Amino acid sequence: MTTLCGDADLQALMEAMRSDEHDEIARADRLISAFPEDPRLHFLRGSILASIGRPIEALSSLKKAVALAPDFAIARFQLGFFQLTSGEAADALSTWGPIALLPEGHYLRFFVGGLTHLIRDEFDDCVTRLNEGIAANDENPALNRDMQLIIDQVGEIKRAAARDAAEEEDGSTSATSFLLDQLSGRRPN
Amino acid sequence: MTVSRDPSGLELVVDPVRAEASLWRRFRFEDDLRCRETLFNRYFKLARSVAGRLFRARPGQRLERADFDQFACEGLLQALDRYDPLRGVPFSAYARRRITGNIADGMSSMSEIDAQLSHRHRMEQERLRSLARTGDDPLAALSELAVGLALGLMLEGTGLIEPADAPDRRPSAYDSLVWRETLALLVAEIGRLPENEAIVVRQHYDHGLPFASVAQLMNLSRGRVSQLHRAALERLRKRLRTNGG
């Protein structure tokens, strides 16, 4: 028995996701009832549900995709990313574990490395790894855009932290000069 | 004073809608009761604000504001149990309707005698019954009871579970140093209580929930909550004695 649906059906589903018909869930469900073991269908269903604000069901579809095909790397990465964006960092790290088995230099390894640094608030290493991943990834431009967004947000935090540090520095300088002025008998301006 | 803090890396990527869905999933489908308390705490202010609005809209009635708060909390607890997180309706909209309905029902069913016995009075009686022991040396029992009740007074409104950006409700600079130190010690010790005892203390003293509502929140009997309350206060008393020198 065939467990995977045909390319034409898969293509039609992906086109439905891009169209304004809003029938993509019904199409995915129909295909899943015909091919319940096809991990790609569960992955697409999870992606659709995540995009229309049904996160609880999205997670279970993504989990199902990874359970059916543990080597389906992009589904595994997206499941972990979904868990991360749900605030479940420990689950994300555990989902991503097998990504380390991908070949050296694979973009998903860089992305997982970068996001792991992000969880630990190691911002410089996070940005380095994510940039390496973007440079290595030429098959999934949408993912590059997501990672670039994170790099931009990290940059914003670092700029804000640098501004705070500079203001603090100014404050301590004035406090020091105030004390020195007091000691030397001069009045501060 | 509010201290600003840089966001953590995780906060940068967390999507609030997904994070809340994760709480609902763990509470509803994975029986994680801690998530139930987290959701209750998250929507507690909503319940209070609905109570406040309805109370102000009905001046001159016999009930106190605390009664409205109590009905609102009950409504919130019911909403937590009946809400279907898969239907796509935001919980706040669903909960607001249930809270409003429960306040209206509570007001109409409350008898004149109930109304005369204020919410605060009922809470104090409940607390007293939880702490009072029979069969001990009466003087020792009285002394223990007094310490327990005093601890309860200290715990009320200490802002134990307020978010970091809420107004600082701790004693002001004019309160004595001893009071402030003891309070700080008390808050630290609550953090070290067993989880169930800590929930009882937080919800009863900080949110003003009677034992029946705490029991509903924790899926326990009211008697069990009373026992946990007593155990928590005994533990706090012993630890404060040890740490306070």
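The structure is a predicted model, in which local features need pLDDT of at least 70, side-chain atom pairs count only at pLDDT 80 or more, and totals for chains, interfaces and linings use all residues. Residues are numbered from 1 along each chain as its sequence is written, while chains are lettered from A and ligands numbered from 1 in the order in which they are written.

Chain A has 9 helices and 0 strands, and chain B has 12 helices and 0 strands. Burial is judged by counting neighbours: a residue is buried if 20 or more other C-beta atoms lie within 10 Å of its own, exposed if 12 or fewer, and partly exposed in between, with C-beta atoms placed from the backbone. By this count, 34% of the 189 residues in chain A are buried, and 29% of the 245 residues of chain B are buried. Two residues are in contact if their C-beta atoms, placed from the backbone, lie within 7 Å. Among contacts between residues at least 6 apart in sequence, those joining residues at least 24 apart make up 34% in chain A and 67% in chain B.

Back at helix 11 of chain B, residues 211-218, the buried residues are B:Phe211, B:Ser213, B:Val214, B:Gln216 and B:Leu217. Helix 11 of chain B has a partner in helix 4 (residues 65-82) of chain B: their axes come within 10 Å and cross at roughly 15°. Axes are lines fitted to C-alpha atoms, for helices over the stretch in contact, and angles run from 0 to 180 degrees between N-to-C directions. Angles under 35 degrees count as roughly parallel, over 145 as roughly antiparallel, 65 to 115 as roughly perpendicular and the rest as oblique. Helix 4 and helix 11 of chain B are therefore roughly parallel to each other. Their crossing is left-handed, a term used if the near helix is turned anticlockwise from the far one by less than a right angle (right-handed if clockwise). The contact is made by B:Cys73, B:Glu74 and B:Leu77 from helix 4 of chain B, together with B:Ser213, B:Gln216 and B:Leu217 from helix 11 of chain B. These residues divide into 3 nonpolar, 2 polar and 1 charged; Ala, Val, Leu, Ile, Met, Phe, Trp, Tyr, Cys and Pro count as nonpolar, Asp, Glu, Lys and Arg as charged, and the others, Gly among them, as polar.

Helix 1 (residues 7-18) and helix 2 (residues 24-34) of chain A pack at an angle of about 160°, with their axes 9 Å apart. That makes helix 1 of chain A roughly antiparallel to helix 2 of chain A. The crossing of these two helices is left-handed. Helix 1 of chain A brings A:Asp9, A:Leu13, A:Ala16 and A:Met17 to the contact, and helix 2 of chain A brings A:Glu24, A:Arg27, A:Ala28 and A:Leu31. By class, this contact has 5 nonpolar, no polar and 3 charged residues.

In the contact between them, 14 residues of domain 1 of chain B meet 13 residues of domain 2 of chain B. On the domain 1 side, helix 4 of chain B supplies the largest share, 7 residues. That side divides into 6 nonpolar, 2 polar and 6 charged residues.

The two chains also touch, in a contact that takes 19 residues from chain B and 23 residues from chain A. Helix 2 of chain B gives the largest share of the chain B side, 7 residues. By class, the chain B side has 11 nonpolar, 4 polar and 4 charged residues.

A:Asp121, in the loop between helix 7 (107-119) and helix 8 (123-136) of chain A, has a positive phi of about 60° although it is not a glycine. A:Asp121 is partly exposed, with 16 other C-beta atoms within 10 Å. B:Asp31, in the loop between helix 2 and helix 3 of chain B, has a positive phi near 55°. With 10 C-beta neighbours inside 10 Å, B:Asp31 counts as exposed.

Technical notes:
Helix = DSSP H or I, 4+ residues; strand = E, 2+ residues; numbered from the N terminus.
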